[in-house]
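Below is a short note on the model, written as numbered points. Please read it with the structure open.

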Amino acid sequence: VTTVDTPHSFYIQAVAQSSLDELNQLSAHLSAITSPSQLVKSSVAKGDLCCAKFSKDGSWYRAEVKEILDTHCVVHFLDYGNTERVLWSDIVHCPVECTNVPIQAIRCALYGVVPLDSKWSPPAVEAMQKLTVDKPLLGQAHGQLPDGSFSVELMDTSGEKDVNIAAELVLGGVAASSKPPVVTPKKAPAKPNIKVSSLPVAAIFSRDKEFSLVTVTTVDTPHSFYIQAVAQSSLDELNQLSAHLSAITSPSQLVKSSVAKG
């Protein structure tokens with residue numbers, strides 16, 4: 001997590017080697033080409049891509065112009081998520097070499113919590129910052145929200161015990177849980193504990209918004225149909241299952257008996 005505005009508006013970067021390589025490559029380009037002798041400073045329009053100097057370290061970063069003022073400009077740093085007012089003298093055109101790397105900061109909302117009142121309180125924002133910023137975390141996406149951000153569950157696994165960030169905010173009294181209460185089912189008569197596990201969605205759709213090869217087996221309606229993954233591992237499991245079934249379902253091996261629904 002690089003920047004926290006609220007628990008429902010924060011930015012993350014992937015800690016994958018490919019992402020780190022892209023970010024390092026981008027930083028090298030920016031540090032090499034943004035000296036005054038190489039870039040011509042000029043005014044830009046709202047919404048333009050630019051490079052702006054960050055006040056805390058004096059380095060150049062990719063940014064988007066959000067607001068134009070007389071002597072300053074409000075910019076949003078695309079690869080980190082933070083927003084800052086900078087002088088016009090600290091804004092330059094973004095070189096073409098720096099546009100090939102995808103934006104590294106992803107806007108997210110913390111899954112499983114809502115504010116105690118109509119909006120997030122300063123203590124909630126402060127707690128979220130202390131729990132997440134600049135720490136290696138595990139994240140799991142729970143879908144994309146209407147505003148384009150991603151609902152994400154965060155876990156801190158660096159200590160002896162795993163820490164669920166949403167649960168910590170609730171325990172700290174700065175957020176309320178948005179998860180439905182757990183209902184304990186009534187005990188049913190003992191039955192043989194035979195279960196067939198469901199295929200995890202991740203086994204078919206390994207990454208969000210990427211296509212996977214599948215085959216449709218049954219269609220009830222366009223909003224209710226069934227697919228199988230056309231991956232070698234899935235095909236091998238299906239063939240293995242068919243072999244087992246053909247070998248054990250002869251009349252001499254099975255005793256017919258009544259079964260209950262489900």
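1. Surface patch. Val216, Val219 and Phe225 make up a nonpolar patch on the surface, with about 280 Å² of accessible area together. Patches are built from residues with over 30% relative accessible area and no salt bridge; like charges are joined within 9 Å, and nonpolar side chains (Val, Leu, Ile, Met, Phe, Trp, Tyr) within 5 Å. Accessible areas come from the Shrake-Rupley method with a 1.4 Å probe, and for residues only the protein chains shown count as cover. Phenylalanine 225 sits in strand E15 (residues 224-229). With a relative accessible area of 44%, phenylalanine 225 is partly exposed; buried means under 20%, exposed over 50%, and partly exposed in between (1.4 Å probe, protein chains only).

2. Basis of the model. This is a predicted model, in which local features need pLDDT of at least 70 and side-chain atom pairs count only at pLDDT 80 or more, while totals for chains, interfaces and linings use all residues. Residues are numbered from 1 along each chain as its sequence is written, and side-chain values use heavy atoms, with hydrogens and water left out.

3. Overall figures. The protein has 4 helices and 15 strands; helices (H or I, at least four residues) and strands (E, at least two) are DSSP runs, numbered from the N terminus. Of its 262 residues, 28% count as buried. The accessible surface of the protein comes to about 18200 Å², and 57% of that belongs to carbon and sulfur atoms. Among contacts with a separation of 6 or more, 54% are between residues 24 or more positions apart; contact means heavy atoms within 4.5 Å.

4. Aromatic pairs. The structure holds 4 aromatic pairs. Rings of Phe, Tyr and Trp (its six-membered ring) pair if their centres lie within 6.5 Å; planes under 30 degrees apart count as stacked, over 60 as edge-to-face and the rest as tilted. The rings of tyrosine 61 and phenylalanine 77 are 6.1 Å apart at their centres with planes at 85°, so this pair is edge-to-face. Tyrosine 61 is in strand E4 (residues 60-68) and phenylalanine 77 in strand E5 (residues 72-77), so the pair ties together parts 16 residues apart in sequence. Tyrosine 61 is buried at 18% relative accessible area, and phenylalanine 77 is buried at 1%.

5. A further ring partner. Tyrosine 61 also forms an edge-to-face pair with tyrosine 80, at 5.4 Å centre to centre and 80° between the planes. Tyrosine 80 lies in the loop between E5 and strand E6 (83-87), so this pair joins parts that are 19 residues apart in sequence. Tyrosine 80 counts as partly exposed, at 25% relative accessibility. Ring pairs link Phe54, Tyr61, Phe77 and Tyr80 into a cluster.

6. Other surroundings of tyrosine 61. Leaving aside neighbours within four places in sequence, tyrosine 61 is in contact with residues including Leu30, Cys50, Cys51 and Ala52. Its side chain makes a polar contact with the side chain of aspartate 57 (2.5 Å); a polar contact is a pair of N or O atoms within 3.5 Å, where, within protein, one must be able to donate a hydrogen and the other to accept it, and residues adjacent in sequence count only if both atoms are side-chain atoms.

7. Aspartate 79. Which residue meets aspartate 79 in a salt bridge? The partner is arginine 62, at 2.7 Å, N to O; a salt bridge is a side-chain nitrogen of Lys or Arg within 4 Å of a carboxyl oxygen of Asp or Glu. Arginine 62 lies in strand E4 and aspartate 79 in the loop between E5 and E6, so the pair ties together parts 17 residues apart in sequence. Both arginine 62 and aspartate 79 are buried, the latter with a relative accessible area of 2%. A polar atom of the aspartate 79 side chain lies 3.0 Å from the backbone nitrogen of glutamine 104.

8. Remaining salt bridges. A search of the whole structure finds 3 salt bridges. Arginine 107 and aspartate 147 meet through their side chains at 3.1 Å, N to O. This pair links distant parts of the chain, 40 residues apart: arginine 107 in strand E8 (residues 106-110) and aspartate 147 in the loop between strand E10 (138-144) and strand E11 (150-156). The side chains of glutamate 126 and lysine 130 meet in a salt bridge at 3.4 Å, N to O. Glutamate 126 and lysine 130 are 4 residues apart in helix H2 (residues 122-132), so about one helical turn separates them.
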